[in-house]
Amino acid sequence: MTTDREQPTIASLRAETELALGDAAEARWICEVAFAHRPLTDILHERATDRMVAHLDAMVARRRSGEPLQYVLGEWSFRRLDLAVDRRVLIPRPETEWVAGRAIELALAIDGDRVVVDLGTGSGAIGLAMADELPLDGTSILLTDADPEALAVARANLAGIGRAARNVTVAEGRWFSALPDGLRADVIVSNPPYVAVGDPALDADVRDWEPAQALFAGSDGLDDLREIIAGASAHLRPGGWLVCEIGAGQAAAVTALARSAGLIEVSIEPDPAGHDRMLVARSAQ
């Protein structure tokens, strides 16, 4: 990359970045972050500061090393939100946006006040999207995670959602142990670990960069789903909903788990790509 003594223009740095990465879109995103989140079209004629050049060089080096773009940027979009992300949490994905959207639909259909729990929240993506899109009045949302480092990211993201943050509480603990005694939710939603240890289908960039504790769940990928499904009815109001993201090939096993746990109206719903993506089931209590 060009040295800072040459006082390069933003336009020349963008061109060098695109050449280094071989991807115009990634180059634009990285440059916009390096240049203080300013639209490139507004500043192409300007000259970069030493700090901007150093920041850009570091980001390009990280991306060329194979680090996921989202971690290099330090942020990624999820539904209507821009979330801070780093290696402490999973990268928010489009399929999880679909899970959040389904949980929002179910919560909106509730008459009166609604209580929502996002188990294993990670970056806070699902729960904060729900806080952002559900009515400001009459909504209470609890975000939980067993990992204090993940909760630190969720709290940072909570600060960025404006007035809706008043409806959100954050608690540390493993699955239902984080919930206050006696709490009954209208909707429990979770994107738990569901990858089998040693799964050869897992992309290397996911395996090598994203947190293992948020990915892997035993030899069949179902350890955490078993725990969540088994405990859901005891923490849902009568008729309350459980929504869980699931992995490919888990539909039959997860359906059986839900029915064995006494849940009703059990269904497996697809994402826009047609892949089995989520368990949706209701408490009979």
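Helices (H or I, at least four residues) and strands (E, at least two) are DSSP runs, numbered from the N terminus. Welcome to a predicted model, where local features need pLDDT of at least 70, side-chain atom pairs count only at pLDDT 80 or more, and totals for chains, interfaces and linings use all residues. Residues are numbered from 1 along each chain as its sequence is written, and side-chain values use heavy atoms, with hydrogens and water left out.

**A residue in α8**
- Let's start with N157, which lies in helix α8 (residues 148–158).
- N157 counts as buried because its relative accessibility is 7%, where buried means under 20% relative accessible area with a 1.4 Å probe and protein chains only.
- Leaving aside residues up to four places away in sequence, N157 touches L83, A84, S123 and L128; contact means heavy atoms within 4.5 Å.

**The sheet**
- An open sheet of 7 strands runs in the order β5-β4-β3-β6-β7-β9-β8, with mixed pairing; two strands pair if DSSP finds at least two bridges between them.
- The edges belong to β5 (168–172) and β8 (264–270), each with a single partner strand, so one side of each has no neighbour in the sheet.
- From one strand to the next, the twist averages 15°.
- β8 pairs with strand β9 (residues 276–282) in the antiparallel sense over 5 bridges, and I268 stands opposite L279 in β9.

**Helices on the sheet**
- Helix α10 (residues 223–232) packs on the sheet and touches β3 (114–119), β6 (185–190), β7 (236–245) and β9.
- The direction of α10 makes about 165° with that of β7; axes are lines fitted to C-alpha atoms, for helices over the stretch in contact, and angles run from 0 to 180 degrees between N-to-C directions.
- Helix α11 (residues 251–260) also packs on the sheet, touching β8 and β9, and its direction makes about 160° with that of β8.

Notes
Buried means under 20% relative accessible area, exposed over 50%, partly exposed in between (1.4 Å probe, protein chains only).
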